[in-house]
Amino acid sequence: EGLLAYADKIDFSKWHVFFADERYVEHTHEDSNLRVCKDAFLDKVPIPKENIYGIDMSKSLQDAAVSYQSALAKVTGVDPKGGKVPEFDLILLGMGPDGHTCSLFPEHPLLKEETVWVAPISDSPKPPPQRITFTYPILQNAKNVFFLAAGSSKADVLPQVLLPFKEMLAMGDGALPSARVRPKNGSVVWFVDEAAAAKL
């Protein structure tokens, strides 16, 4: 609602909206991130519809992830085979009570993915099990990452996520997925409510 108050001062025609993770469900399904975002914001601002990128449900999960990466490559002009990675102006992320973000879960093999930008996941511990997700090469190349965490269910894990960089690195594979998001040349900003911050 806060951003909507400034809608008349923002050139939404320049916006391109991708989803850091998306459930492999139809766009009208209640679990669809696209649907939630459309209801809350996207349908209320003049972002060109062709600039909002949903998952292609006509494809298999694997092919949908490949297609999503191809769309990202086309929009940014970055070749996935060239060794470079797209640079987002802003990535908005949430965090689960287990410290996961996107669909990157603790101890999951995708935490070590270093090549693919968009990966399929078929064994998400949080339903629905099938999703696509950004991987760390994308997250670590963003200019800005904003995390939103609310509610008492986040209180226990937040101190572990906000560790200083050296302490996070020292944890190695034990570092929580949200804690690992540290853009190389960008910034991370956390927005938390009192309940989530109760144990800081």
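1. Surface. The model is predicted. Buried residues account for 42% of the 200 residues.

2. Charge. The chain carries 21 positive and 26 negative side chains. The centres of these two sets are 4 Å apart.

3. Fold order. The chain contains five helices and six strands. Read from the N terminus, the order of elements is β-α-α-β-β-β-α-β-α-α-β. The C-alpha trace spans about 40 × 40 × 35 Å along its principal axes.

4. Contact range. Taking contacts between residues at least 6 apart in sequence, 68% join residues that are at least 24 apart.

5. Helix H2, length. H2 covers residues 61–76, which is 16 residues. At 1.5 Å a residue the helix should span 22 Å; the C-alpha atoms at its ends are 23 Å apart, which agrees with that expectation. After H2 comes Gly 77, which has a positive phi, near 75 degrees.

6. Helix H2, packing. Which residues of H2 are buried? They are Leu 61, Ala 64, Ala 65, Tyr 68, Gln 69, Leu 72 and Ala 73. The elements that these buried residues pack against are strand E3 (118–121), strand E4 (131–134) and helix H3 (136–139).

7. Lys 199, exposure. Lys 199 lies in the segment that follows strand E6 (187–192). Is this residue buried or exposed? The cut-off for exposed is over 50% relative accessible area. Lys 199 has 53% relative accessibility and therefore counts as exposed.

8. Lys 199, surroundings. Leaving aside residues up to four places away in sequence, Lys 199 touches Ala 155, Asp 156 and Pro 159. Between Lys 199 and Leu 176 the separation is 23 residues in sequence and 17 Å in space, taken from C-alpha to C-alpha.

Notes: Residues are numbered from 1 along each chain as its sequence is written. This is a predicted model: local features need pLDDT of at least 70, side-chain atom pairs count only at pLDDT 80 or more; totals for chains, interfaces and linings use all residues. Side-chain values use heavy atoms; hydrogens and water are left out. Helices (H or I, at least four residues) and strands (E, at least two) are DSSP runs, numbered from the N terminus. Buried means under 20% relative accessible area, exposed over 50%, partly exposed in between (1.4 Å probe, protein chains only). Contact means heavy atoms within 4.5 Å. Lys and Arg count as positive and Asp and Glu as negative; His and the chain ends are not counted. The place of a charge is taken as NZ of Lys, CZ of Arg, CG of Asp or CD of Glu. The expected span of a helix is 1.5 Å times one less than its number of residues.
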